Amino acid sequence: MDKLISLFVFSALSQIVVSHVPTETSFRANIELVSGHSRIFSGERAHLRCSIPDVHRSNWTYLWFRGSEELSQTGGELKLWNSKVQESGKYYCQGIRNTKVGKIRTQQSVPVELKVDGGWAILQVPRHPQLVGSTLEVTCRVRGNPRLEDIILYKDGVEVMRQNGHEPDFYLTNLSLEDLGVYSCRASWDVRRQTHSVISAGAHVQILEVLSQPILEIIPNYDTQLKRMKLICHVQYNAPAPAPPIDFYFYKNNRRLGAATSDNYNVVKQTPGLYSCKARVPQLGLSKSSEPKNFGQIREPEKMPPLHPGQRPVFRLASATDDFPPAAASLPTSPNLSSHQPIQFTPEKSTPSQAPPLTSQAVPTTLLTTDQDFDSATTQDQANPFEESGDMSGDSADSL
């Protein structure tokens, strides 16, 4: 009887333990586009590969998804031999393997978007965002690879570059944030003394700064016993690997709090003041400061605008909603007025100066000439203010 009870207890404990085994690992599957470009013509091939960062080299089976649809492919590679427009979408992969406690899955990969174009022209742009100061390369492809005569590159519908010849590549050097936008291309070629022209669909190009402007976050009452608060300097750092180190500085009232640190936070005494932070990459010569952030300080009352010659000041009574009621000395008094009578002050009217009339100016426009459309039936034969130089006055007593 005791043996039966022991077996029953052991069986129950085994079920409890098994029920708490996680069914998803901390691994995330990696997906890559082997064919090189995310924009292809219908009928071309695409090659995707999935991998699991498992140092134990376990035996994984792979699941493939296009959007929310699970595909029939189970291997580590997915190949589209004769791609169709309907196969456009975001592709994911996931690893799965059998264990003694059941099936375990990895986390889904970051998606890779594949666009299959059924038209005649494609502008191929980089899949990843480009950095300020780098060079952007885009390629205008035409189905069948005819001998091109004229190629035009557009940004947001406006021509930016034009080149004659057979080279379909464009290079935009020293990128800035103004280069962000939707790009397209138009290509023209001659066949049997007839000029054909096609234009691609728009492709979005994203431009990022290597170092964004920091944003300071203040967390009060971080340590209530010692009356300390936490300063966090949020910044986006997009330098390619291996990225040079970044230094953080924190300030109170234009005075640096301690030395530079590789951490983006600092714990200081919770006292009123104007706080800010700065991120600096010495090796790249980059330095950006956050906007000053007020903590615990009373805002100064708004200053009255300067008076014009001959203009009298305007007074009003303070209301219950005013943050800063005017001083009593600023209100004129009269012995003949009762305290229950309303007091009104009317400013002296001044004659406004006559402003010159505004004239509209002609806005230059760019007219895009539409060339002869391509007839597919006839072409089937072709296939901070807080600079470091002023911060060396010494460390504040508020820093720890």
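A residue counts as buried under 20% relative accessible area, as exposed over 50%, and as partly exposed in between. Arg 162 has a relative accessible area of 47%, so this residue is partly exposed. The model discussed here is predicted.

Start with the partner of Arg 162. Its side chain meets that of Asp 150 in a salt bridge, at 2.8 Å from N to O. Arg 162 sits in strand E15 (residues 158–164) and Asp 150 in strand E14, so the bridge ties together parts that are 12 residues apart in sequence. Asp 150 has 17% relative accessibility, so this end of the pair counts as buried.

Glu 149 is partly exposed, with a relative accessible area of 36%. Leaving aside neighbours within four places in sequence, Glu 149 is in contact with several residues, including Gln 163, Asn 164, Trp 189 and Asp 190. Ser 197 is 48 residues from Glu 149 in sequence, and their C-alpha atoms are 10.0 Å apart.

Now turn to the interior. In soluble globular proteins, nonpolar side chains tend to be buried together. The largest nonpolar core here has 21 residues. Leu 123, Val 138 and Leu 153 have the most contacts inside this core. Strands E11 (121–124), E13, E14, E16, E17 and E19 (203–205) each give two or more residues to this core. A second, separate core has 19 residues, among them Ala 29, Ala 46, Leu 48 and Tyr 62.

Charged pairs come next. The structure holds 10 salt bridges. In one of them, Arg 141 pairs with Glu 44, and the closest N and O atoms are 2.6 Å apart. Arg 141 lies in strand E13, while Glu 44 lies in the loop between strand E3 (39–41) and strand E4 (46–51), so the pair ties together parts that are 97 residues apart in sequence. Glu 44 is partly exposed, at 24% relative accessibility.

Another salt bridge joins Lys 288 to Glu 209, again with closest N and O atoms 2.6 Å apart. Lys 288 is in strand E27 (residues 286–289). Glu 209 is in the loop between strand E20 (207–208) and strand E21 (215–223), 79 residues apart from Lys 288. Both ends are partly exposed: Lys 288 at 24% and Glu 209 at 30%. Elsewhere, salt bridges that share partners join Glu 32, Arg 49, Glu 77 and Lys 79 into one network.

What is the nearest side chain of opposite charge to Lys 230? That side chain is Glu 217, 8.5 Å away. Lys 230 is buried yet has no salt bridge. This lysine is found in strand E22. Among the residues that Lys 230 touches are Ile 218, Tyr 222 and Tyr 265.

Asn 174 has a positive phi, near 50°. This asparagine lies in the loop between strand E16 (169–172) and strand E17 (181–191). Asn 174 has 57% relative accessibility, so this residue counts as exposed. Arg 193 has a positive phi too, near 65°. Arg 193 is in the loop between E17 and strand E18 (194–199), and is exposed at 87% relative accessibility. Finally, the peptide bond from Ala 241 to Pro 242 is cis, with omega near -5°. Pro 242 is found in the loop between strand E22 (228–234) and strand E23 (247–252).

Definitions and conventions: Residues numbered from 1 in each chain as written. Predicted model: local features only at pLDDT ≥ 70, side-chain atom pairs only at ≥ 80, totals over all residues. Heavy atoms only, no water. Buried < 20%, exposed > 50% of the residue type's maximum accessible area, 1.4 Å probe, protein only. Contact = heavy atoms within 4.5 Å. Helix = DSSP H or I, 4+ residues; strand = E, 2+ residues; numbered from the N terminus. Core = buried A, V, L, I, M, F, W, Y, C linked by side-chain atoms within 4.5 Å. Lys, Arg positive; Asp, Glu negative; His and termini not counted. Salt bridge = Lys/Arg side-chain N within 4 Å of Asp/Glu carboxyl O.
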